[in-house]
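Please look through the model below with the following notes at hand.

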Amino acid sequence: MTGPASEPWSPRRVTWVGLVINVVLSAGKVAAGLVFDSQAILADGVHSASDLVTDVAVLWGLRVSGRPADQDHHYGHRRAATLAAMFVGAMLLLAAGWIALQALGTLRDRHAHVQALGPLLWAVASVALKEWLFRVTRAVGRRVGDPSIEANAWHHRTDAFTSVAAAVGLGGVLAGGPEWAFLDHVTAVGLAVYLGV
């Protein structure tokens, strides 16, 4: 695949690539959270799943905004891109609320059974993929001047940041053993706060 510098990427193509990557990451991270009992990677996986919804919203916005002006829309349909960008922001807030409730609700649970290595590997892979996706998507958004594409790029970047936080917390659990397993839930709460601001 080509990067931002070589760019024959279209807005639709980069969004579809992002959607496929988000399917893999969200499924992998949610599964790792459930199998390895990790709230941090589960929270990160929910954020990736919210990216799927925003990818679909951006694709809808691209389809509608490309329509020509008509009797009901004298200036065309460009506002659809703005609506899609607003939807991206709303989904981030909803994801943050869900993660916070989940993490706070289980903060007092026993943590000794968290297995960090599998979730840590998913978090590290997510950082690399989402940062690459951010750079490519932002370059396309700037080139075509579409606010929904740029907003989606920043959504990819926030996913990379949440994966960094998850990796740090899970690394602490891995290094410290059961006594440090509480970091998994603390990290999940931190991710929720980050997503909400």
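1. Two residues are taken to be in contact when they have heavy atoms within 4.5 Å of each other. On that basis, among contacts in the protein chain between residues at least 6 apart in sequence, 76% join residues at least 24 apart. Please keep in mind throughout that this is a predicted model.

2. As to secondary structure, the protein chain has six helices and zero strands, and its elements, read from the N terminus on, follow the order α-α-α-α-α-α. Of the 197 residues in the protein chain, 50% are buried. The protein chain exposes about 9700 Å², and 68% of that area is supplied by carbon and sulfur atoms.

3. After helix 1 comes Asp37, which has a positive phi, near 55°.

4. Ser38 belongs to the loop between helix 1 and helix 2.

5. How many salt bridges does the structure hold? There are five, and one of them is formed by the side chains of Lys29 and Asp44, with a distance of 3.3 Å from N to O. Lys29 lies in helix 1 (residues 11-35) and Asp44 in helix 2 (residues 39-65), so this pair ties together parts that are 15 residues apart in sequence. Lys29 counts as buried, at 0% relative accessibility, and Asp44 likewise counts as buried, at 0% relative accessibility.

6. Another salt bridge is that of Lys130 with Asp159, whose closest N and O atoms are 3.5 Å apart. This pair links distant parts of the chain, since Lys130 is in helix 4 (residues 117-144) and Asp159 is in helix 5 (residues 147-176), 29 residues apart. Lys130 counts as buried at 0% relative accessibility, and Asp159 is buried too, with a relative accessible area of 0%.

7. As a general point, an α-helix has 3.6 residues a turn, so residues three or four places apart point the same way. Glu131 is buried, with a relative accessible area of 17%, whereas Arg135 counts as partly exposed, at 46% relative accessibility. Elsewhere, salt bridges that share partners join Lys29, Asp44, Lys130 and Asp159 into one network, and a reader may wish to view these four residues together.

8. A search of the whole structure for aromatic pairs finds two. In one of them, the rings of Trp9 and Trp132 have centres 6.1 Å apart and planes at 70°, so the pair is described as edge-to-face, the cut-off for that class being over 60 degrees. The pair links distant parts of the chain, with Trp9 in the segment before helix 1 and Trp132 in helix 4, 123 residues apart. How do the two residues stand in terms of accessibility, and which is buried or partly exposed? Trp9 counts as buried, at 1% relative accessibility, while Trp132 counts as partly exposed, at 25% relative accessibility.

9. Gly118 counts as buried, because its relative accessibility is 18% and the cut-off for buried is under 20%. The C-alpha atoms of Gly118 and Leu170 are separated by 9.5 Å, although the two residues are 52 residues apart along the chain.

Conventions:
Residues numbered from 1 in each chain as written. Predicted model: local features only at pLDDT ≥ 70, side-chain atom pairs only at ≥ 80, totals over all residues. Heavy atoms only, no water. Helix = DSSP H or I, 4+ residues; strand = E, 2+ residues; numbered from the N terminus. Buried < 20%, exposed > 50% of the residue type's maximum accessible area, 1.4 Å probe, protein only. Areas by Shrake-Rupley, 256 points an atom, 1.4 Å probe, with all protein chains shown as cover. Phe/Tyr/Trp six-rings, centres within 6.5 Å; stacked < 30°, edge-to-face > 60°.
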